[in-house]
Amino acid sequence: MNLAINQFRVLLIDDDEDEHFFIRDLLSDIKNSHFLLTWKSSYQSGLESLKNESHDVCLLDYRLGEYTGIDLLKKAQELNIACPIIILTGQGDFETDLQAMQIGASEYIIKGQLTSPLLERTLRYTIKQAMDMEDLKDQKEKYKKLLEERTEMESQILMQDRMASIGLLASSLAHEIGTPMGVIRSRAELAQKKALDNKSLQQDMETVINQIDRISKLVNSLLNLARSKPSDYVTAVNVEQVINDVLNLLKHELDRKNIALQIQKLQPYLVKSESGPLGQVLLNLLVNAIHAIEDAKEHGRNDSHSIALSFEESNGLVTILVTDTGCGISQVNLNEVFKPFFTTKDIGHGTGLGLTTSYKLVQSWGGSISVKQTSALGTTFKINLLKA
Ligand SMILES: Nc1ncnc2c1ncn2[C@@H]1O[C@H](COP(=O)(O)OP(=O)(O)O)[C@@H](O)[C@H]1O
Ligand SMILES: [Mg+2]
């Protein structure tokens, strides 16, 4: 800052015109700086000027008709007006001086003692201090932002840590559980075949096999989740083909539940992905959509329900939107849905790994997945994939 050559805007709020001339003359005697004086003669016009115009400093008379300068000072503080305010007073009064300081006045000067050099110096110091305060505020703001970024980073690292330990756990779990599960499954199949005339035992064995498959699926989900490096198997995958495979699996379920399926602008787009896992991601989203619609029905929304799949292509990306007419996601849960083991479903119905796994997979292909919008009337998930 160069206070020697600058021009400064000074606001004078004083109900006495003679005082205005007096201050104006003192300011015009000042050699080194140029002060542009604006004069307001009442509490109201002064306040308006403080609010709406920009001044470097304000000289505020203690006596202002039915108000005092202290009243106006208080109001200015309430409104967070940044302009520094100097209280002018006819007679020195230590109590008022103290009060003015406590409320936030920058200075307090007695008019009778005022000379041109004293006024110049007071204005210069006050303006400098106000500028320093602004700098300090800026720095504080920057520091706060930095701190926020750091906190955000820390929580990301924590999340990665958690993922890493889940990964470790998953691979040893897969080994420890996979082998005995395979043995149990093949024995169950064998027993099922042997129980030719025993329908009830056959059904029991069917249940055993189904439950084993559920466990295997869970272990596989965990394994997918554990994979953090970009996959070696990324190829050009035909989106249309994957969608058709997935829909073949789900058609029956959708019909049974009276859910209409709308498909818009599906083309044989080629994207960087893996066909099996991409199918898994879409299946996860569609199964979630079916669950959300079931939930909406349970809460009395029995009107027609649908799931819409729509596709777009732009800027090297293929976007897939999955929109359902289900129960929606509450604001509180919105930040949680991609986290491992977050589920709102009953035990046995949800693992809380579907979206986490999908997130990791899509990310490993260089794409992204997010909730585009949600309300009590449904949700849209959005997947962006890189064009191959
Ligand atoms: N389409 C959707 N509509 C409403 N809620 C959803 C939807 N998709 C996911 N959710 C919420 O996100 C949670 C996590 O989903 P997910 O990771 O697939 O695990 P899970 O389905 O096993 O609960 C669900 O329990 C549900 O609360
Ligand atoms: Mg799910």
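**The open sheet.** I began with the open sheet of five strands, ordered S9-S11-S12-S14-S13 with mixed pairing. Strands here are DSSP runs (E, at least two residues), as helices are (H or I, at least four), numbered from the N terminus; two strands pair if DSSP finds at least two bridges between them. Strand S9 (259–264) and strand S13 (368–375) are the edges, each with a single partner strand, so one side of each has no neighbour in the sheet. On average, neighbouring strands are turned by 15 degrees against each other, direction ignored.

**A note on the model.** This is a predicted model, where local features need pLDDT of at least 70 and side-chain atom pairs count only at pLDDT 80 or more, while totals for chains, interfaces and linings use all residues. Residues are numbered from 1 along each chain as its sequence is written, chains are lettered from A and ligands numbered from 1 in the order written, and side-chain values use heavy atoms, without hydrogens and water.

**One strand pair.** I then looked up S11 (residues 305–314) and S12 (residues 317–324), which run antiparallel and are joined by eight bridges. Ser314 has Leu317 in S12 as its bridge partner.

**Domains.** Which domains does the assignment give? I found domain 1 (7–114), domain 2 (150–226) and domain 3 (235–386), with bounds from an automatic or database domain assignment. The centres of domain 1 and domain 3, taken over C-alpha atoms, are 64 Å apart.

Definitions and conventions. Axes fitted to C-alpha atoms, helices over the stretch in contact; angles between N-to-C directions.
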